[in-house]
Amino acid sequence: MLHTLGGLRTTRHTDIDEQVAIFLHIIAHNVKNQVMIGRFQCLGETISKIVTRVCNAVKRLHPHLLKKPEPVTENSTDQRWKWFKNCLGALDGTHITCLVPLKDKPKYRTRKNDIATNVLGVCSQDMQFIYVLPGWEGSAADGRVLRDALLRPHGLKVPRPDVGYTNGEGFLAPYGCQRYNFNDWRAGHQPTTPKELFNMRHSSTRNVIERCFCILKARWGILRDNSYYPIDLKNKIIMACCLLHNYIRKEMTIDPIENRFEVDEGTGDVGGGDDDHITYVGVSTEWTTFRNNLAQTMFDSWNTTH
């Protein structure tokens, strides 16, 4: 695929297999060029060129590797997704550490004081990426990043944002000022209102994007720590890692990384006044009514079985 579709070619000193091996070793283990020079007997400049060359070839495969969204069907039996008919997936943002010039560090500094880029990801029910937007500064709010994704030429219309996103056209957000952390329900607390039940099921379903990011970072070491590449190339590497993640999920029946760890569900209680809300999407009366009706339907079904 990298040769026929990505345009990767054999060079004077390295064939395609070796170039791919070098690239995969670097993104999996986040090793310096000095280490790669000794291991593959290549010049440092050659290693850098190979990383850029293979990364660009992987990116050219995005029409073939990005998952095509498929809505949840009316007759779905999936315990998490069946309540959200026609939902295409879940979205969230994650921070990935990066290397930036000194003058840009304030913009990339997160609330945890890390220097990172804010990456928006959208995934399907089977944890394959549908859309990825890397490159925003770590200080940018999730809502601002999503607004940029919506305003881009090809646009983004995907339901179910995290609590940092508002309930609007094409988006189904949880209720604010309500219990949201899925661990609360594990502790034995039972929902007592339609809004609490809706948030419980929303949190459980949206957890798929958190798991997707966790598996992504567990597999590719270059995403877990500061890399040795400038921010422009790091953004391309992030995209390449997401595409390779999809390829692995398609080709392997069982993902070995997925079973290595447990991912906590939910992200915490939903509070009011979150400055990450998107004012561009706005609150849609039709979608608010739809959410209220859906919550009531869930609650009525819950009462008949509990």
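This is a predicted model: local features need pLDDT of at least 70, side-chain atom pairs count only at pLDDT 80 or more; totals for chains, interfaces and linings use all residues.
Entry 1: Next I looked up where Leu 5 sits, and found it in the segment before helix H1, the helix of residues 16–29. Is Leu 5 buried, partly exposed or exposed? Its relative accessibility is 41%, so Leu 5 counts as partly exposed.

**Entry 2: H1 against H3.** Before going on, I reminded myself how to describe a helix pair. Two packed helices are described by the angle between their axes and the distance between those axes. For H1 and helix H3 (residues 44–59), the axes come within 9 Å and cross at roughly 90 degrees. H1 and H3 are therefore roughly perpendicular to each other. Which residues meet here? From H1 I wrote down Gln 19, Val 20, Ile 22, Phe 23 and Ile 26. Across from them, H3 brings Ile 47, Ile 50, Val 51, Arg 53, Val 54, Cys 55 and Val 58.

**Entry 3: H1 against H9.** I then turned to helix H9 (residues 231–251), which packs with H1 at an angle of about 100 degrees. The axes of H1 and H9 are 12 Å apart. Are they roughly parallel or roughly perpendicular? An angle of 65 to 115 degrees counts as roughly perpendicular, and H1 and H9 are therefore described that way. On the H1 side I found Phe 23, Leu 24 and Ile 27, and they meet Ile 237, Ala 240, Cys 241 and Leu 244 in H9.

**Entry 4: Phe 213.** This residue lies in helix H8, residues 194–219. Phe 213 has 7% relative accessibility, so I filed it as buried. What does Phe 213 touch, leaving out residues up to four places away in sequence? My list reads Asp 92, Gly 93, Thr 94, Val 119, Gly 121 and Phe 129. Thr 94 and Phe 213 are 119 residues apart along the chain, yet their C-alpha atoms are separated by 7.5 Å.

**Entry 5: salt bridges.** How many salt bridges are there? The count comes to eleven, and I looked up a few of them.

- Asp 148 and Arg 152 join their side chains in a salt bridge, at 3.0 Å from N to O. Arg 152 counts as partly exposed because its relative accessibility is 39%.
- Arg 206 and Glu 210 form another salt bridge, at 2.7 Å from N to O. They are four residues apart in helix H8, which means about one helical turn separates them. Arg 206 is buried with a relative accessible area of 0%, and Glu 210 counts as buried at 12%.
- Glu 258 pairs with Arg 249, and their closest N and O atoms are 2.8 Å apart. With 21% relative accessibility, Glu 258 counts as partly exposed, whereas Arg 249, at 16%, is buried.

Conventions: Residues are numbered from 1 along each chain as its sequence is written. Side-chain values use heavy atoms; hydrogens and water are left out. Helices (H or I, at least four residues) and strands (E, at least two) are DSSP runs, numbered from the N terminus. Buried means under 20% relative accessible area, exposed over 50%, partly exposed in between (1.4 Å probe, protein chains only). Axes are lines fitted to C-alpha atoms, for helices over the stretch in contact, and angles run from 0 to 180 degrees between N-to-C directions. Angles under 35 degrees count as roughly parallel, over 145 as roughly antiparallel, 65 to 115 as roughly perpendicular and the rest as oblique. Contact means heavy atoms within 4.5 Å. A salt bridge is a side-chain nitrogen of Lys or Arg within 4 Å of a carboxyl oxygen of Asp or Glu.
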